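Below are some questions and answers on a protein model, for use alongside its sequence and coordinates.

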Amino acid sequence: MKEIKIETTLYIYQGLDELPKEIILLMQKAFGARENAYAPYSSFNVGAALLLDNGEIITGSNQENASYPSGLCAERTAIYYAGSQYPKAKIIRMAISAGSKNNQTTKPIPPCGACRQAIAEYEVKQDTPIEIYFMGETGKVAKSNSLANLLPLVFDKSVL
């Protein structure tokens with residue numbers, strides 16, 4: 001038997017004011033996207049903003065449906081739009097902000113499992129890590145240098 005140890009490294013900023021200006025701008029785009037969320041069932045709004053290597057910033061917000069599995073998270077909305085409109089562009093970084101209409105979110109809220117898998121697909125496809133910054137409505141901001149920190153045992157095309 002062999003033991004494999006998996007470690008994850010995240011960087012925690014105490015707030016937006018500690019971030020570089022270009023990251024603050026991207027997070028502000030995520031805030032704007034969060035305001036456009038359609039979340040009448042969960043009351044949980046999420047916004048995502050992607051910076052592509054061609055300079056484009058793509059945003060997405062969660063879009064719910066009365067048939068719950070038919071909705072789509074903010075991260076996947078943005079990623080799939082980027083993939084369809086800019087298929088050769090690489091995603092450099094992603095900013096995510098999540099907030100609840102029921103209580104204030106002040107801790108970093110990472111992507112859900114399905115979104116992690118979707119981000120992994122693009123990270124593998126482009127063979128370049130994607131920086132991910134995530135937070136609630138206010139408070140601390142977490143940064144991961146790669147999706148691999150959030151989903152270390154990725155399921156990808158190599159296993160098919």
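Q: In which sense do β2 and β3 pair, and over how many bridges?
A: This is a predicted model. Within it, L50 has I58 in β3 as its bridge partner. The pairing of β2 and β3 is antiparallel, and the number of bridges is five.

Q: Which residue in the hairpin of β2 and β3 takes a positive phi?
A: The hairpin of β2 and β3 has four residues between the strands. The positive phi there is near 90°, and the residue that takes it is G55.

Q: Over how many bridges do β2 and β4 pair?
A: Strand β4 covers residues 91-100. One of its residues, R93, stands opposite L51. β2 and β4 pair in the antiparallel sense, and the count of bridges is nine.

Q: Is β2 largely enclosed by the rest of the structure or largely open, and how many of its residues are buried?
A: Buried means under 20% relative accessible area. β2 has nine residues, and it is largely enclosed by the rest of the structure because the number of them that are buried is seven.

Q: Which residues of β6 are buried on each side?
A: In a regular strand, side chains alternate between the two faces of the sheet. Strand β6 spans residues 141-144, and both of its faces are covered. The buried residues on one side are V141 and K143, and on the other A142 and S144.

Q: Which residue of β6 stands opposite Y13?
A: β1 and β6 run antiparallel and are joined by three bridges. β5 (residues 131-135) also runs antiparallel to β6, with four bridges between them. The bridge partner of M135 in β6 is V141. The residue opposite Y13 is V141.

Q: How far from the centre of the ring of Y11 is the charged end of K143?
A: K143 is one of the buried residues of β6. Its charged end sits over the ring of Y11, and the distance from the ring centre is 5.6 Å.

Q: What is the geometry of the aromatic pair formed by Y41 and Y68?
A: A search of the whole structure finds one aromatic pair. The centres of Y41 and Y68 are 5.8 Å apart, with 85° between the planes. Planes over 60 degrees apart count as edge-to-face, so the pair of Y41 and Y68 is edge-to-face.

Q: How many residues apart in sequence are the parts that this pair ties together?
A: Y41 lies in the loop between α1 and β2, whereas Y68 lies in the loop between β3 and α2. Y41 is partly exposed, and Y68 is exposed. The parts tied together by the pair are apart in sequence by 27 residues.

Definitions and conventions
Residues are numbered from 1 along each chain as its sequence is written. This is a predicted model: local features need pLDDT of at least 70, side-chain atom pairs count only at pLDDT 80 or more; totals for chains, interfaces and linings use all residues. Side-chain values use heavy atoms; hydrogens and water are left out. Rings of Phe, Tyr and Trp (its six-membered ring) pair if their centres lie within 6.5 Å; planes under 30 degrees apart count as stacked, over 60 as edge-to-face and the rest as tilted. Helices (H or I, at least four residues) and strands (E, at least two) are DSSP runs, numbered from the N terminus. Buried means under 20% relative accessible area, exposed over 50%, partly exposed in between (1.4 Å probe, protein chains only). A charge sits over a ring if NZ of Lys or CZ of Arg is within 6 Å of the ring centre and within 35 degrees of the ring normal. Two strands pair if DSSP finds at least two bridges between them.
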